Amino acid sequence: MNDFGTFLFRAHAGFLAALILAPLIPGVINRTKAVFAGRQGPPLLQLYYDLFKLLRKGTVYSRTTSWVFRAAPVVTLSACIGVLMLIPCTGASPALISFQGDIILFAYFFGIARFFTVSAALDTGSSFEGMGASREVLYAALAEPAFLLSLSALACLNSKISLSGIFIASTEHPFANIAVIALVAVTLVIVLLTENCRVPADDPNTHLELTMIHEVMVLDYSGPDFAYILYASALKLWAFASIVVAVALPLRTGSFITDSLIFIFGILAGAVVVGIIESTMARFRLDKIPKLLIAAAALSATALLLTLTRG
Amino acid sequence: MNLPDSIMIFLILTNLSLLASSRLNACIKTVAIQGIIVGFLPLIATKCPLTIYSYLLAILIITVKGILFPYLLRYTLRSVDVRREIEPFIGYGASIIIGVIALIMSFWLCRHITFPEPILSYTAPAAAFFTIFCGLFLIVSRVKALTQVIGYVVFENGIYMFGSAMLIEQSFLVELGIILDVFVVVFIMGIMMFHISRAFDHIDTNKLGESEKKG
């Protein structure tokens with residue numbers, strides 16, 4: 001029973017740590033970008049301030065919208081929280097829920113979130129939001145095969161089909177197959193950048209509706225609804241970053257606290273890398289992004305082939 | 001994961017990037033890198049003691065494929081003044097997908113062939129077949145004569161990879177003959193392309209029959 005108590009404590013501690021620390025990632029990214037541009041930049045905790053400010057405000061709903069528009073932020077947030085329950089949030093902590101094949105649920109929780117965001121954008125009846133929705137779905141349709149292929153490559157490599165199994169096995173045999181892991185890591189980083197609307201796929205800072213993708217879909221939200229959306233996107237970033245870190249940084253000392261700290265440090269380092277990518281790269285032309293995603297899918301397909309034909 | 005496997009995977013990636021890239025300059029660079037790595041392969045692969053001939057051959061292959069070909073191709077690129085392949089018969093996205101299918105096919109093919117000799121690594125024959133397929137695919141799917149020559153060089157790289165991966169006894173004379181052939185092809189194609197572009201104002205091979213603007 002004592003073991004079970006420790007297990008529960010660790011699972012909850014990791015989950016709570018992810019929920020609390022997630023809004024720090026956008027702060028780190030923005031700080032890195034500011035340093036590169038020679039500016040002071042917003043405070044690291046800016047997203048926390050924004051969230052508290054938005055939660056205190058009231059919401060305004062357009063008269064053309066229906067229940068879909070109101071449901072979307074809540075569904076998105078709950079889907080992202082559901083995702084965090086499936087993964088060992090701080091690496092060393094066990095996942096709250098784990099079963100065989102939960103990698104599929106992981107991918108489709110994001111699918112539900114995206115479906116509702118896109119439906120809500122169409123629900124507003126704004127032509128710009130419809131355009132953003134169309135782009136979002138195009139990129140998502142191409143990013144999903146890449147993501148699922150790379151998860152399958154990881155599953156084959158570690159002979160595990162649950163996320164917890166993959167996390168544990170990749171620390172037990174770190175860099176068992178370095179080329180495959182490198183391919184998967186590159187694919188996952190491309191998918192992370194695309195799914196989380198970062199440069200080179202999308203620019204989170206853009207304020208021109210014609211070029212916006214994700215930001216344009218949430219233009220009509222205000223107050224707590226917008227806070228939910230911002231928080232959900234921070235959680236999504238945490239979920240993707242933790243898979244990349246689990247694969248690329250399989251360092252374990254055996255102590256729960258140290259391992260968790262290493263993992264959180266890894267995620268923040270990942271945020272710095274995203275910041276560096278955003279500062280040093282221009283955004284791709286819209287028609288080049290599908291090509292990038294197809295290339296990412298090809299990389300993960302190669303990784304999967306290599307693991308399948310091993311030995 | 002040992003060194004030969006990682007090299008093979010890197011070669012597979014160079015092929016995929018050739019399929020995805022529209023800039024001829026980038027293609028030439030990629031082929032040069034591929035040629036240099038392929039040139040080193042026999043030195044890594046061989047189990048028997050290295051003779052002076054294997055070193056000579058490696059140096060020769062690396063010089064021709066890594067320095068001479070890129071130089072000739074770039075010279076042609078400048079003289080015919082094209083920068084990129086604008087409208088290939090098969091687009092770049094589709095090319096990558098076909099590339100992945102070709103990769104699956106190569107792995108499938110290598111499962112069904114029993115190799116007589118101990119091979120360098122399990123990925124090596126598949127990577128060699130894939131390189132050959134990519135070379136052929138570049139030749140048939142691209143419009144510009146220059147890309148087709150690049151495809152031919154990739155094709156030859158694949159054959160050479162297959163030879164060194166199978167640890168086939170390197171016959172100095174045969175390899176010398178092949179490299180001379182390829183060199184002559186690249187050299188002559190350079191001159192031909194210059195004349196094609198002089199006569200037609202472009203090097204699109206699919207339009208050669210259409211008109212003779214200046215002639």
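**View 1. B:Leu3 counts as exposed, because 9 C-beta neighbours lie inside 10 Å.** A residue is exposed if 12 or fewer other C-beta atoms, placed from the backbone, lie within 10 Å of its own, buried if 20 or more do, and partly exposed in between. B:Leu3 belongs to helix H1 (residues 3-20) of chain B; helices are DSSP runs of H or I with at least four residues, numbered from the N terminus. From B:Leu3 to B:Cys110 the C-alpha to C-alpha distance is 20 Å, and the two are 107 residues apart in sequence. This is a predicted model, in which local features need pLDDT of at least 70 and side-chain atom pairs count only at pLDDT 80 or more, while totals for chains, interfaces and linings use all residues. Residues are numbered from 1 along each chain as its sequence is written, and chains are lettered from A and ligands numbered from 1 in the order in which they are written.

**View 2. Helix H6 (residues 127-158) and helix H12 (residues 289-308) of chain A cross at roughly 15 degrees, with axes that come within 8 Å.** Axes are lines fitted to C-alpha atoms over the stretch in contact, and angles run from 0 to 180 degrees between N-to-C directions. H6(A) and H12(A) are therefore roughly parallel, a term for angles under 35 degrees. Their crossing is left-handed, meaning that the near helix is turned anticlockwise from the far one by less than a right angle. Among the residues that meet are A:Leu142, A:Leu149 and A:Cys156 in H6(A) and A:Leu293, A:Ala297 and A:Leu304 in H12(A); contact requires C-beta atoms, placed from the backbone, within 7 Å. The contact of H6(A) with H12(A) has 20 nonpolar, 4 polar and no charged residues. Ala, Val, Leu, Ile, Met, Phe, Trp, Tyr, Cys and Pro count as nonpolar, Asp, Glu, Lys and Arg as charged, and the others, Gly among them, as polar.

**View 3. Helix H3 (residues 46-56) and helix H10 (residues 223-248) of chain A pack at about 150 degrees, their axes 7 Å apart.** H3(A) and H10(A) are therefore roughly antiparallel, a term for angles over 145 degrees. The crossing of H3(A) and H10(A) is left-handed. H3(A) contributes residues including A:Leu47 and A:Asp50, and H10(A) residues including A:Phe226 and A:Tyr231. By class, this contact has 10 nonpolar, 1 polar and 1 charged residues.

**View 4. Chain A gives 13 residues and chain B 18 residues to their contact.** On the side of chain A, helix H8 (178-195) and H12 are the elements that give two or more residues. H12(A) gives the most, with 9 residues.

Methods. Parallel < 35°, antiparallel > 145°, perpendicular 65-115°, else oblique. Contact = placed C-beta atoms within 7 Å.
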